[in-house]
Protein chains: 2
Amino acid sequence: MKEIKVGMLGLGTVGSGVVKLLRENLPVIRGKLGAELVLKRIAVRDTKKDRGVSVEPGVLTDDFESVIADPDISVIVELIGGYSPAREYVLAAIGHGKHVVTANKALLACHGEDIYAAAASRGVEVRYEAAVGGGIPVLSAIKGNMAANRFRTVLGILNGTCNYILTRMTRERADFAQALKNAQALGYAEADPTFDIEGVDTAHKLCLLLTLCFGTRVDFKDIHTEGIGTVSALDIEFAARFGYRIKLLATGKLDGDRVEARVQPTMVPMDDPLAGIDGVCNAIRVSGDYAGSVMFSGRGAGMEPTASAVVGDIMAIARNILVGVGRRSAPMGFMDEEIVRLPVKPIGETVSKYYLRFTVPDHPGMLAKIAGALGENGVSIRSVIQTARKGGAPVPVVIVTHEARQMDVSRALDTIETLKITSENVRLLRIEDDLEVVSIRDVPTGDGSELPRSPL
Amino acid sequence: MKEIKVGMLGLGTVGSGVVKLLRENLPVIRGKLGAELVLKRIAVRDTKKDRGVSVEPGVLTDDFESVIADPDISVIVELIGGYSPAREYVLAAIGHGKHVVTANKALLACHGEDIYAAAASRGVEVRYEAAVGGGIPVLSAIKGNMAANRFRTVLGILNGTCNYILTRMTRERADFAQALKNAQALGYAEADPTFDIEGVDTAHKLCLLLTLCFGTRVDFKDIHTEGIGTVSALDIEFAARFGYRIKLLATGKLDGDRVEARVQPTMVPMDDPLAGIDGVCNAIRVSGDYAGSVMFSGRGAGMEPTASAVVGDIMAIARNILVGVGRRSAPMGFMDEEIVRLPVKPIGETVSKYYLRFTVPDHPGMLAKIAGALGENGVSIRSVIQTARKGGAPVPVVIVTHEARQMDVSRALDTIETLKITSENVRLLRIEDDLEVVSIRDVPTGDGSELPRSPL
């Protein structure tokens with residue numbers, strides 16, 4: 001039986017999963033490819049370290065170059081993560097004419113351009129399904145069967161750590177610090193969780209989705225990124241009263257010749273399926289002009305799901321090799337020369353509904369002042385909650401606006417700031433009412449008109 | 001620019017969508033393929049009929065053979081539906097060395113074997129993403145990036161008509177006949193809805209999913225199939241009281257060397273994402289040993305979503321042609337010679353929880369008799385609702401069982417029948433608690449134990 005030889009760089013959690021998967025599911029892989037995937041060499045920094053997975057003698061080496069240059073090997077799997085030396089290794093592998101599979105979203109978000117250009121000139125494939133959504137095969141779907149669509153929006157819950165923390169905060173009315181500690185104790189958050197909770201990891205993933213969906217490169221630094229550290233239990237509670245859940249949402253939209261690209265804690269309607277994605281699960285919803293809204297959900301991280309995506313990519317490359325083909329598709333779905341660089345719409349110009357929570361002294365006239373400042377700046381109010389007063393202590397005034405430009409909301413908040421009536425910083429959250437989804441979920445009544453929406 | 005010439009058989013709703021899509025999204029398709037898809041000929045029975053879509057002069061013909069045999073054409077798209085002459089046309093196209101794209105689940109479920117064998121011997125591809133789930137690219141995902149998994153279960157809401165009817169029944173407490181009439185008036189159900197509401201269409205689709213997931217052929221007639229005609233508004237109401245929604249569910253499971261394969265109205269827990277799939281939407285959830293549970297949802301039918309899937313398939317074939325490859329993968333994911341024929345587990349041996357609704361006279365001791373008969377047959381009771389009595393009229397007694405074999409439940413119901421205490425036929429519904437999904441959605445509490453489930 002024909003063999004396809006694979007070299008791997010790194011043997012951490014995902015790498016161990018790949019070793020296990022290739023071993024345990026050998027008959028399945030063989031039955032589908034009619035060939036064998038052989039993990040010939042694995043390069044690691046320390047060959048002595050116990051990794052909880054056994055490999056044949058002679059497979060492990062600390063000589064990365066020898067794996068990358070091995071003429072027997074046709075596919076290099078990069079699983080060391082980070083920018084460097086991952087970038088140099090990947091470019092070297094491409095230089096040697098190897099196909100590359102990687103799970104490294106940070107690398108591709110920041111250095112994808114060089115890597116894709118090198119792969120094009122050598123006629124090899126670069127595949128990276130595991131970089132977004134773990135075992136959820138969403139990138140392959142966008143590049144593959146959905147390729148005929150013009151995409152309009154992509155929304156994603158892309159970071160399991162953040163989603164786990166927000167889910168616990170929601171279910172237990174816990175505050176952020178406590179939920180983070182719990183997540184760390186259970187291994188769902190790193191000791192240094194910065195990349196996750198500040199939204200950086202989500203923004204890396206969004207960066208890849210934007211190119212796949214819209215055929216545009218977006219500089220990672222142009223993605224407006226906010227983390228979940230400022231989400232409070234109180235906001236989660238008010239969100240529920242208005243009929244929403246708070247999720248760290250990656251949002252990409254094509255708007256004429258510009259793209260919207262942001263990562264923010266966002267309120268989504270409870271009857272939107274994204275609101276039901278809990279714990280460490282991930283979900284991605286893309287909206288194409290022909291396919292409509294398609295949602296993918298599942299385990300977004302972990303040894304096994306990520307290994308599933310990595311080996312799926314190796315199999316796709318193996319199918320090419322078996323029919324004698326070097327490269328069958330470009331890494332970003334679009335031909336490399338078709339990729340453009342659309343400007344990112346400044347965050348101030350983006351439009352959505354907003355949730356605003358003010359903390360004001362319990363005096364008459366506070367709401368009137370706030371409402372006045374909003375109105376003067378063209379922000380109209382859809383709904384207000386002012387809670388029962390408790391003898392002079394500051395009280396929350398919570399406002400949900402109609403659609404407004406972010407810059408108008410900001411200006412209104414600046415005005416309110418000058419009034420010196422708020423005793424804490426204003427809390428602001430964006431609301432994402434994905435109207436198309438709500439309408440396809442709604443069922444017309446007898447006369448064809450739509451049923452009333454849930455709360456509000 | 002290189003051109004790939006396509007011939008189409010049939011120009012109904014889906015065909016018109018394909019014509020529109022190829023025209024409107026020409027730049028997208030070109031930008032991804034670096035080539036053009038040209039719809040060279042379309043064969044229809046009546047070339048004079050107005051189809052609401054314009055085609056260039058000379059494209060339409062009523063000579064099917066000439067399209068199939070056209071040496072310029074490399075891909076034939078079969079969209080006439082039904083068994084014959086679709087089967088003969090598809091085989092003829094393969095005989096001429098053409099690749100085939102079809103949306104015809106009935107054809108593949110019943111004659112797939114011949115078609116795949118012919119395609120293998122001619123080295124051409126047969127693709128059929130549009131046959132299941134409309135624009136949801138689930139078949140490509142199972143065959144593609146998820147290919148390294150051993151699949152354990154596949155669950156699907158696969159028929160938009162049934163799901164629409166059940167959704168209306170649920171939201172409006174409508175009965176089946178009224179909801180069907182509404183669905184027909186809105187174009188969501190055919191004038192003759194038999195294939196849909198009796199579950200036949202769902203079973204065809206399940207048949208394809210079983211082969212893709214488990215590598216086994218299953219005779220369509222071996223799939224236990226029940227329709228939605230017997231679902232009553234009362235059962236929907238009781239289901240809600242127990243924390244469930246009723247869906248027409250296609251269920252496939254691998255159980256050792258046998259498969260479970262059934263289509264039945266089924267109760268799914270409200271906190272299972274499948275319960276939230278409403279209206280004409282479809283959803284498919286596959287569970288792989290590495291990827292875990294992955295769910296796909298979106299529009300399961302309609303001109304545009306189906307066209308998206310068809311053109312996605314054409315593009316996949318075009319990518320092969322452009323690199324000089326005839327066939328890159330087998331139609332069922334597994335190599336043809338690897339496909340086995342596992343026996344289907346007799347329905348009597350399948351195990352699940354059950355919902356049973358008895359209608360009994362309002363006399364004391366009725367519940368005791370029913371419970372006795374269930375117990376004698378090894379069926380244990382998890383929960384009971386007996387509604388308030390109203391002066392002697394028959395009352396419903398509703399029981400939810402623990403896991404039980406279907407044959408034991410049947411035997412118990414036979415015993416109860418002989419007691420002559422029920423005044424109407426017993427209503428029975430299977431309950432599908434997909435435990436893995438519930439557990440990945442649940443969030444551990446501080447000590448790592450799981451939160452209590454919703455109702456019951």
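Which residues in α4(B) meet which residues in α5(B)? The model is predicted, so local features need pLDDT of at least 70 and side-chain atom pairs count only at pLDDT 80 or more, while totals for chains, interfaces and linings use all residues. Residues are numbered from 1 along each chain as its sequence is written, and chains are lettered from A and ligands numbered from 1 in the order in which they are written.

From α4(B), B:Ala86, B:Arg87, B:Val90, B:Leu91 and B:Ile94 meet B:Leu107, B:His111, B:Asp114, B:Ile115, B:Ala118, B:Ala119 and B:Arg122 of α5(B). Contact here requires C-beta atoms, placed from the backbone, to lie within 7 Å. By class, this contact has eight nonpolar, one polar and three charged residues. Ala, Val, Leu, Ile, Met, Phe, Trp, Tyr, Cys and Pro count as nonpolar, Asp, Glu, Lys and Arg as charged, and the others, Gly among them, as polar. Helix α4 covers residues 86–95 of chain B and helix α5 residues 105–122; their axes come within 9 Å and cross at roughly 15°. Axes are lines fitted to C-alpha atoms, for helices over the stretch in contact, with angles from 0 to 180 degrees between N-to-C directions. The two helices are therefore roughly parallel to each other, a term for angles under 35 degrees. Helices (H or I, at least four residues) and strands (E, at least two) are DSSP runs, numbered from the N terminus.

Chain B also holds an open sheet of six strands, in the order β3-β2-β1-β4-β5-β6, with parallel pairing. Strands pair if DSSP finds at least two bridges between them. At the edges stand β3 (60–61) and β6 (126–127) of chain B, each with a single partner strand, so one side of each has no neighbour in the sheet. Within the sheet, four bridges join β4 (residues 75–78) to β5 (residues 99–102) of chain B, and B:Val75 stands opposite B:His99 in β5(B). Helix α1 (residues 13–24) of chain B packs on this sheet, touching β1 (3–9), β2 (36–43) and β4 of chain B, and its direction makes about 150° with that of β2(B).

The contact between the chains takes 70 residues from chain A and 70 residues from chain B. On the side of chain A, elements giving two or more residues include α2 (26–33), α7 (160–172), β12 (292–299) and α12 (303–322). The largest share, eleven residues, comes from α12(A). By class, this side of chain A has 32 nonpolar, 24 polar and 14 charged residues. Strand β12(A) is joined by three bridges to β12 (residues 292–299) of chain B, and the two run antiparallel. There, A:Phe296 stands opposite B:Phe296 in β12(B).

Key. Angles under 35 degrees count as roughly parallel, over 145 as roughly antiparallel, 65 to 115 as roughly perpendicular and the rest as oblique. Two residues are in contact if their C-beta atoms, placed from the backbone, lie within 7 Å.
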